[in-house]
Amino acid sequence: MNTSIHHDQVGCRTAKDINKLPTALTRKEQADFEHFPATSTSTSISSEKSTPACCILCSASTLSIGHAVSTPDTPDSVAMAVFSLIIINKAGGLIYQREFQAGLRKLSTNDYLVLAGTFHGVHAITRSITPKLPLAPTTNSPAAASPGSNTPVASGYSYPIPGASVSGLEYLETDKFRLTCFQTLTGTKFLLFTDPMTGNVDTIINKIYELYADYVMKNPFYQLEMPVRCEAFDRHLGAWLRGRT
Amino acid sequence: MSTTKASRIGEEIWKTRIDKVNAELVTLTYGTIVAQLCQDYDSDYQQVNQQLDKMGYNIGMRLIEDFLAKSGVGRCANFRDTADMIAKVGFKIFLNVAPTVTNWASDNNQFSLIFDENPLADFVELPDDGRAQDELWFSNILCGVLRGALEMVQMQIEAHFVSDVLRGDDTTEMRVSLVRYIEDEMPPEEE
């Protein structure tokens, strides 16, 4: 229902971001950056419509690794290896999408919306297929045993690893990239695309959540559940990720 | 999670992760808002209560993300844990007070928060028009904040003040009742 709105707004944002990118680069990098779109468009023409979303993402991360290696004097891009961030609201709508590497090939806006919606669905499925163990009478499941528990006690089954809540998909990994999904208790999902070797992804995501809480949620003019267009969030996110090494 | 553990978490976050702001600024700002509302609604205090609750609700829906991001706590196992979390972590980090949780209903779905101190109401004397003392709940914004925040973590609650020292009562007491867990967004386990 909101698709068209999302489409327009996300479109504006990405165009703006691209315009901003070159200002942060040195002249050499800028030259690289200028060459890059040319090669990427030529390769992408064939795969534009026919390749599934995940393949485009894979090739995008490969390309960007190659880019980073070819310019060793840009330690940032090698060390951070955070490719991009997607934020999905609790209804499965895309509310934020951004790349953190210059020249990273993008999906079309519509593909991002589809990716967000699909991931939302898959996440819900992974949650519901969590194996349910029959409840042995001797088992002291904390949910069933705690006195004064107000939650209706699940009758007849329990989950593996009692104590941990049912989370749904958390990591998705290929040889080329790793997708980490962090779902907040309020239902918002943060999807971070990183190099598979990147460590401390949880720390990065927690920091992103804090920045989101500060610069998006506390912005009185941000409408809840709508696409994020907060310049301060962009700025602090970029600055913080650049500052990490 | 026990009350003491919640208190420790609240204390820790308050000390290390919270930017502090002058208390008078908060008190005066909030006082101005309430006074202005009383003026705008021509001392219709029911309306003022309602507006304060609504403002709080909008704050709560946003503030919960900050609470979760800063505290890093997981989902509460039951409503008693939720009560401790609100009193000892939530109120602690945002207002630096830790109200007492008490007067549990037998079904564990209702409790009271007793405020020994209330930074919003420092220096306040209610207008002596004969009605404010009986009708205005000065700190009603807090009810809305709780309602908004808990709704975002899948709990529908009802909150209202039952007494206020500003009205001459002995204590300031807020009654919080769980209406239901909102199931749509919940992982199946926690319903």
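Colleague: Before we start, how do you define the bend at a residue?
Modeller: The bend is the angle between two fitted axes, one for the seven residues ending at that residue and one for the seven starting there. Keep in mind that this is a predicted model.

Colleague: Fine. Where is the kink in helix H4 of chain B centred?
Modeller: The kink is centred on B:Ile86. Helix H4 of chain B covers residues 79-95, and the kink comes to about 35°.

Colleague: What comes just after H4(B)?
Modeller: B:Asn96, which takes a positive phi of about 55°.

Colleague: Zoom out. How many helices and strands does chain B have?
Modeller: Chain B has 6 helices and 4 strands. Along the sequence the pattern reads α-α-α-α-β-β-α-α-β-β. The radius of gyration of chain B is 17 Å, close to the 16 Å from the globule rule for 191 residues, so chain B is as compact as a globular protein of that length.

Colleague: What box do the C-alpha atoms of chain B fill?
Modeller: Roughly 50 × 35 × 30 Å, along the principal axes. As for burial, 41% of the 191 residues of chain B count as buried.

Colleague: And what share of the contacts in chain B join residues at least 24 apart?
Modeller: 61%, taken among contacts between residues at least 6 apart in sequence.

Colleague: On to the strands of chain B. Which face of E2(B) is covered?
Modeller: The face with B:Phe111, B:Leu113 and B:Phe115. B:Gln110, B:Ser112 and B:Ile114 make up the uncovered face. In a regular strand the side chains alternate between the two faces of the sheet.

Colleague: Which way does strand E1 of chain B run relative to E2(B), parallel or antiparallel?
Modeller: Antiparallel, with 3 bridges joining E1(B) and E2(B). One of the residue pairings puts B:Thr102 with B:Ser112 of E2(B). Strand E4 of chain B, residues 172-181, is also antiparallel to E2(B), and 6 bridges join them. There, B:Gln110 has B:Ser177 as its bridge partner.

Colleague: Different spot. Where is B:Asn140?
Modeller: B:Asn140 is in the loop between helices H5 and H6 of chain B.

Colleague: Why does B:Asn140 count as buried?
Modeller: Because B:Asn140 has 26 C-beta neighbours inside 10 Å, and 20 or more is the cut-off for buried.

Colleague: What is B:Asn140 in contact with, leaving aside neighbours within four places in sequence?
Modeller: B:Asn49, B:Leu52, B:Asp53 and B:Phe161. B:Thr16 is 124 residues from B:Asn140 in sequence, and their C-alpha atoms are 29 Å apart.

Colleague: Now chain A. Why is strand E7(A) largely enclosed?
Modeller: Because 6 of its 6 residues, 189-194, are buried. Both faces are covered, with A:Lys189, A:Leu191 and A:Phe193 on one side and A:Phe190, A:Leu192 and A:Thr194 on the other.

Colleague: How many bridges join E1(A) to E7(A)?
Modeller: 6 bridges, with the strands running antiparallel. A:Val82 has A:Thr194 as its bridge partner in E7(A). Strand E6 of chain A, residues 178-183, pairs with E7(A) too, in the antiparallel sense over 6 bridges. In that pairing A:Gln183 stands opposite A:Lys189.

Colleague: What do E6(A) and E7(A) form?
Modeller: A hairpin, with 5 residues between the two strands. A:Gly187 in the turn has a positive phi of about 105°.

How values were computed. Residues numbered from 1 in each chain as written. Chains lettered and ligands numbered in written order. Predicted model: local features only at pLDDT ≥ 70, side-chain atom pairs only at ≥ 80, totals over all residues. Rg over C-alpha atoms; globule rule 2.2 N^0.38 Å. Buried ≥ 20, exposed ≤ 12 C-beta atoms within 10 Å, placed from the backbone. Contact = placed C-beta atoms within 7 Å. Pairing = 2+ DSSP bridges.
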